[in-house]
Amino acid sequence: MKNFSRRDFLKTSATAAGGLVLSSGMLSAQKKGGDKINIALVGMGAEGEVLLNSIVKLPYINVVAVCDIWQPRCEFAAMRIMRELKQAPARYTIKITPKDRLTPLVKRGRIGEIKGENYKDLIKNHAKELDAVVIATPDFWHAPMTVDFLKAGVNVYCEKMMSDTLEGAKSMVRAARESKKLLQIGHQRTSNPRYKYARQVLLRDNNICGNIMACNGQWNRAVTKDLTWAEKDTIPQDKLKQYGYKDMNVFRNWRWHKGLGGGAISDLGAHQIDIFGWMLGAHPVRVMASGNRDYYKKPDGSPAHDWDDNVMCIFEFDKTFQGKKAQAFYQVLTTTSSGGGYYESFMGDQGTLKMSENPALTKLFRENNAPDWAPLIEKGIIGKGDEAAANVKVADSRESKALVSYGFPATVPGYEPDVAKKPIHMYHVENFFNAVMGKEKLNCSADHAFEAEAAVFKARDAIEKGPLEFSASDFVVED
Amino acid sequence: MKKAIIALSALAVVSASAATLKLQVPSAQLSGTPVPIVLDNLDTYKGPQKEIQVPDGVSNIAKGKQVTSSDDFPMIGELTLVTDGNKDGAEGCYVEIMDGVQWVQIDLAKSSEIYAIAIWHFHSQERAYKDVVVQVSDDPNFKNDVKTVYNNDHDNSAKLGKGDQKAYIETNYGKLIDLSKTPVKGRYVRLYSNGSTTNGSNHYIEVEVFGK
């Protein structure tokens, strides 16, 4: 086992950050925006807003254009950029009302005009000045948009899932290879300093879990109503159809519909299933899965959504980075937000690492037969133990006693207090822009992200094709 | 008490001189993963607001009235949404004004006796707005004769004076400020906030002012 030192980790990080080992990223180091990176934003819904929250904090960004076919969201993005970056991006959207609410600001030069309706208009007008585009549209638009921007010579940050089809995702990988432009996919945990520290320092350098034989992850949410909209903001039906939506309800709830999104296992699960493979350093070899559409019914009782509300699946790995077999259980529920938040646990014979984007949910548990962790605490590799966490009365002598929980060190390298204040998506967005500037390698290239896509698509197939069905006779002992 | 048969929009009249004010609430519209709400002076209650007794003839006198704001160009939506009578939590039903200490102000058109004020900032996600201060005055500039009827700015960060009321979690039930025992008179109602536990922006779905 390699002896860990903080210096080693920082050196490793700095090497990556220093851009000494760059591939296609170097080809994009020539910025079109002079001192700034010229970007466009396409798709300004909930996820687009999450990314915008990080982008407006980056002083080297110049937003040339924003595009969302839904006018209120396009307006919102343009207003925030005007207010927080003092920039006036051109707008691309469907005009729901003939009068533009922002006309007074356009006249004062504080906000850009509506110059077109969609991303193709945007490419036509701005491709030559763009260094990058950030795409956060519904999944089924990811592949055509990404391919078109890459072909136009623009580096792309695209949200996951890469596509609603495997072929779509493959087309994105191929377009990135052919264009030699950058394509980062939005699995933001791969840029999170705490996740990187856990993967390299805890699991690999210090083998803190021993042999990892199992993983367990979840992201549970309460069942809620379909997203709605204000009547005044309804997109005309002919426009909805033109852009692939049956009606306004489907436009607002595209995540649940085949041909547009992939349901909860894709929206939420893809993040964590990606982390299973990334942490274990392996692809799954088998998957079994089960899912149900328990809510969202039409008046006649038939399902109103195409994808399952609740999914549970098990991935099997034949050879992890430790050369071991492992199983990973994952559940995503649209029933209850109980169950202890969202996390991914890596369970070994000497300890368990419970990771979450929420630092408060991140814990380490030491098995009683593991080597003493005191030296690790002394070196600052992990935090002190919380004996109180193990102080749970057992009801029976056969019951396993609760384990002492340990935290991360007070300061994880690369996650100093000022860095820790950043929004959780910001590390990944910064990694992309640093790669555009030739300073870093992408943390989640299309090739890497495709591995998670393949795992999620296969899990969804397994729901329909894989599980064996029980019959009533299976539970009956015949005479 | 004798029950009367008249029912105003949000009022069930129960006698000739007093009525029970029960807020009409929109359906719940929560979405996404719940986020932690961390605030020093937080009241964690998330249920319906209590019913109160108000004089007969009291109604929502804010509906359709003019709204102005410290931010004259909202990030999203329009100020008219604050008094349009729609409390739905959907996208497009709220107005978002800029970061920091900001206010919206309702002109009731004439000086009125106010018995309660109800607020829905945002309810598709549980969150708490900071430094919520509600004032009533006959002065549109709020320089003279200002009556503060609610203030949860426990550390005076909004510089409007320290308040001892608790911050609260937004839900579809709204927040009712009960002034029935100590009604105040004024033409203008001004509501301050200073972002929320989710982000720096300030949102309003609806404000109702019950008076006559």
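I'll start with charge. The 66 positive and 57 negative charges of chain A have mean positions 7 Å apart. Lys and Arg count as positive, Asp and Glu as negative, with His and the chain ends not counted; a charge is placed at NZ of Lys, CZ of Arg, CG of Asp or CD of Glu.

Conventions next. This is a predicted model, in which local features need pLDDT of at least 70 and side-chain atom pairs count only at pLDDT 80 or more, while totals for chains, interfaces and linings use all residues. Residues are numbered from 1 along each chain as its sequence is written, chains are lettered from A and ligands numbered from 1 in the order in which they are written, and side-chain values use heavy atoms, with hydrogens and water left out.

On the fold, chain A has 16 helices and 16 strands; these are DSSP runs, H or I of at least four residues for helices and E of at least two for strands, numbered from the N terminus. The radius of gyration is 24 Å, close to the 23 Å from the globule rule for 479 residues, so chain A is as compact as a globular protein of that length. That radius is taken over C-alpha atoms, and the rule is 2.2 Å times the number of residues to the power 0.38. The C-alpha trace spans about 75 × 65 × 40 Å along its principal axes.

Now burial. Of the 479 residues, 54% are buried, meaning under 20% relative accessible area with a 1.4 Å probe, protein chains only. Just after α15(A), A:Gly438 has a positive phi of about 80°.

How values were computed
Buried < 20%, exposed > 50% of the residue type's maximum accessible area, 1.4 Å probe, protein only.
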